[in-house]
Amino acid sequence: MRKILFMSAAILALTACTQKKENAKKEDTLQKKVESYAVVEVKSPLYDALSDNDKKIIDLFRQAGEIMDGLFWKQTFGDKAEMEALTDEYAKAYAMINYGPWDHLDNNAPFIEGYGEKPLGCQYYPQDMTMEEWNAFEDPDKLNLYTVIRRDENGNLKTVWYRDEYKEELEKVCALLEEAAALTTNEGMRTYLTERVKAFRTDDYLASDMAWMDMKDCNMDLVIGPIENYDDHLFEAKAAYECFILLKDEKLSENLAKYVSLLPVLQQKLPCPAEYKTFVPGTSSDLNVYDAIYYAGDCNAGSKTIAINLPNDERVHAAKGARRLQLYNSMMAKFDKIMKPIGDVLMAPEQLQYLSPDAFFWNVTFHEVAHGLGVKQTINGKGTVDEAMGSEKTTWEEAKADILGLFMVSELIDMGEITDITKEESVATFIAGIVRSVRFGHASSHGKANMMCYNFMEEHGAFSRNADGKYVVDFDKAAEAINAWAALILETQATGNFEFAQKYSAEHANISEGLAADVEKVNNAGIPRDIVFEWGW
C-alpha cells in the first residue's frame, strides 16, 4: 500500500514538475510576444507650442477617445474586464495590445487558454448565427456600416443601430465634443465637431465627413467614430470605433500641398487602358503631415497606423476628394526601430545605401493618395468596384494602393517634383517595407495584399537573393513589375472580376519558403514587429 502511495506521490510530483515547465515555457513565449513590440514614447514639440485653451480641447478629445477605446473592446471582444483580471502579467499586457486574446500579428491565433479561434464577425453578429439564418434574414440595413445584428425576444435576427446599441457611451462622447466645440476658436473645427455630434446620434456621417473635408486651416485634428471595416472578417460590413488626436506640422504640410493638383495628371499616367482610369480625382483633397499624440480603438490594436486616408464615403470622394494625413512621428519610429534593422539583416551590403527614411515617408504618403486613383464604378455594369469585388474588395484595394503609391513616387521623381530621393531608394525601401508588413500576418486584408505584391515582384525578377541569401534589387525589372502588377489590379477592379480576384489571392497571398526563412532571420535578430505607445504628453 505504501509503495502504491509512494508511486502516486511521485507521479503527482512529476506531473506538477511537467506542468510547471509548460507554464514557464508559455510565460517565456508571451514575454517574447510582448517584447516584440518596441515601446515608443509619443510626444511632440507641437504639443508644447499649443495655447492653454488648445490643451483643454485636446484633453476633451482624449476623454472622448477613451470612450471610443471602450466601445472597440465591446465590438471586437466583449468585456475588457475579463482581460484585465488576468493574473499572468505578460498575458494581460499582450491582451491589452491586441484588445483581446487573439494575436493580430499571428493571424488572430489565440494566445490564452480557454479561448478558441476569434469569431469572424467579432461581436457584430450573434455568435450562434448560421449562414442559413443570415441568408433568410431580409432587412435592408443588415449590411449597414452602423448596425449590429442581435436577436429579438423570439430568438430571431434583428438589426440594431449603433446609436441605440451604444447610446450611453455615445451621449458622453457627444457632451465632450460639444464642450470642445464651445472652446475652439477655429470655425472649421467647430462645424466639424457639431456635425460629428449629430452623426453619433443619427448614424448619418455624410455631413460631418463633408465638414471634416473643409477643415483645412486648423492646427489640430480629431479622427473619431466608427470608421474602418477591417475588424469584421465575416462580411467586412461593420465599422469599428477608433480615435486619433493629431497636431499639424505646418512646414512639412506646406511642402506637400502642390501634389494634390497633380492627381488628375497622375491618374492619366496609370499603366492601364484608358477605360480603367475614367474617374477624375477630386482636387479639393489635401495632403498634410501630423504628429500623432493619441490612438484609441481599432487603429491602436496590434500594428499601428502610420497614415490615414479618409473619408471612406465615395459620395465625399466624388464631391470633395479625400484627406491624406501622414503621421510623421509614428512613421519615423517604425523606420528607425524596424525598417532599417530589417534592411541591415536582409539587404546586400552594396544596396543598403538605398534604404532611406525619406523614401519610406514618400512611399507611405502616396500609398494613401493611391486609394483615390483607378475607378470607382465597374466598366461592365456590375455596380461599384466595392460591390463587385465583395469579400475581396479590401485586399485588392490595399494591393492597388501599395503598388500605385510606388508608381506615383517613381513618376514624380521623373517629373522633377520629388527631388530628395532617387527611384532606387524608393524601390529598395518599398521591398524592405513589404517584409516589414508581411510580419503582420496574412489574416488581414493588408497582409494578403502585401504577400501578393511580394510574390509578384519576386516572380517577375524585381529582386533576387545573392550567394549569401541577401536581397539584390534589379531596378529595371522592378520598374516593369510595378507596371505589370498595377495593370493587373486595375483591370481586376474595373471589370469587377471577383472570381479571378478570389482565385488569385488564394493562390498568391501566401508566404513562400524563402520568405518564411527571411522572416525567421529577422525574428531571430530580435527586430521588433511593431510599436506600442506610451503617451509622453
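**Side-chain contacts in the predicted model**

Ala-516 is found in helix 22, which spans residues 513-524. Helices (H or I, at least four residues) and strands (E, at least two) are DSSP runs, numbered from the N terminus. The structure is a predicted model, in which local features need pLDDT of at least 70, side-chain atom pairs count only at pLDDT 80 or more, and totals for chains, interfaces and linings use all residues. Residues are numbered from 1 along each chain as its sequence is written, and side-chain values use heavy atoms, with hydrogens and water left out.

Ala-516 counts as partly exposed because its relative accessibility is 37%. Here, buried means under 20% relative accessible area, exposed means over 50%, and partly exposed lies in between (1.4 Å probe, protein chains only). Ala-516 and Val-435 are 81 residues apart along the chain. Their C-alpha atoms are separated by 9.9 Å.

Asn-98 belongs to helix 5 (residues 89-98). Its relative accessibility is 2%, so Asn-98 counts as buried. The side chain of Asn-98 reaches the backbone oxygen of Tyr-94 at 2.9 Å. A polar contact is a pair of N or O atoms within 3.5 Å; within protein, one must be able to donate a hydrogen and the other to accept it, and residues adjacent in sequence count only if both atoms are side-chain atoms. Leaving aside residues up to four places away in sequence, Asn-98 touches Tyr-37, Asp-103, His-104, Phe-111 and Gly-302. Contact means heavy atoms within 4.5 Å.

Charged pairs come next. Side chains of opposite charge can pair when their charged atoms come close. The structure holds 30 salt bridges, each defined as a side-chain nitrogen of Lys or Arg within 4 Å of a carboxyl oxygen of Asp or Glu. One of them joins Arg-62 to Glu-66, with the closest N and O atoms 2.6 Å apart. Both residues lie in helix 3 (residues 52-76). They are four residues apart, about one turn of the helix. Arg-62 is partly exposed, with a relative accessible area of 23%. Glu-66 also counts as partly exposed, at 43% relative accessibility.

A salt bridge also forms between Asp-128 and Arg-151, where the closest N and O atoms are 3.0 Å apart. This pair links distant parts of the chain, 23 residues apart. Asp-128 sits in the loop between strand 3 (109-110) and helix 6 (131-136), and Arg-151 in strand 4 (residues 147-151). Asp-128 is exposed, with a relative accessible area of 52%. Arg-151 is partly exposed, at 25% relative accessibility.

Glu-417 pairs with Lys-258, the closest N and O atoms being 3.4 Å apart. Glu-417 is partly exposed, with a relative accessible area of 25%. Lys-258 is partly exposed too, with a value of 41%. Salt bridges that share partners join Lys-33, Asp-103 and Arg-529 into one network. Asp-103 is also among the residues that Asn-98 touches.

Aromatic rings were then examined. A search of the whole structure finds 38 aromatic pairs. Rings of Phe, Tyr and Trp (its six-membered ring) pair if their centres lie within 6.5 Å; planes under 30 degrees apart count as stacked, over 60 as edge-to-face and the rest as tilted. The rings of Phe-77 and Tyr-115 have centres 6.0 Å apart and planes at 55°, so the pair is tilted. The two residues are 38 apart in the chain: Phe-77 is in the loop between helix 3 and helix 4 (80-84), Tyr-115 in the loop between strand 3 and helix 6. Phe-77 is buried, at 8% relative accessibility, whereas Tyr-115 is partly exposed, with a relative accessible area of 25%.

The rings of Trp-396 and Tyr-504 have centres 5.7 Å apart and planes at 65°, so this pair is edge-to-face. Trp-396 in helix 17 and Tyr-504 in helix 21 (residues 498-508) are 108 residues apart. Trp-396 counts as buried at 0% relative accessibility. Tyr-504 is buried as well, with a relative accessible area of 9%. Elsewhere, ring pairs link Phe-72, Trp-73, Phe-77, Tyr-99, Trp-102 and Tyr-115 into a cluster.

Charges also sit over rings. The criterion is NZ of Lys or CZ of Arg within 6 Å of the ring centre and within 35 degrees of the ring normal. Lys-142 lies over the face of Trp-134, at 4.4 Å from the ring centre. Arg-323 lies over the face of Trp-212, at 4.2 Å from the ring centre.
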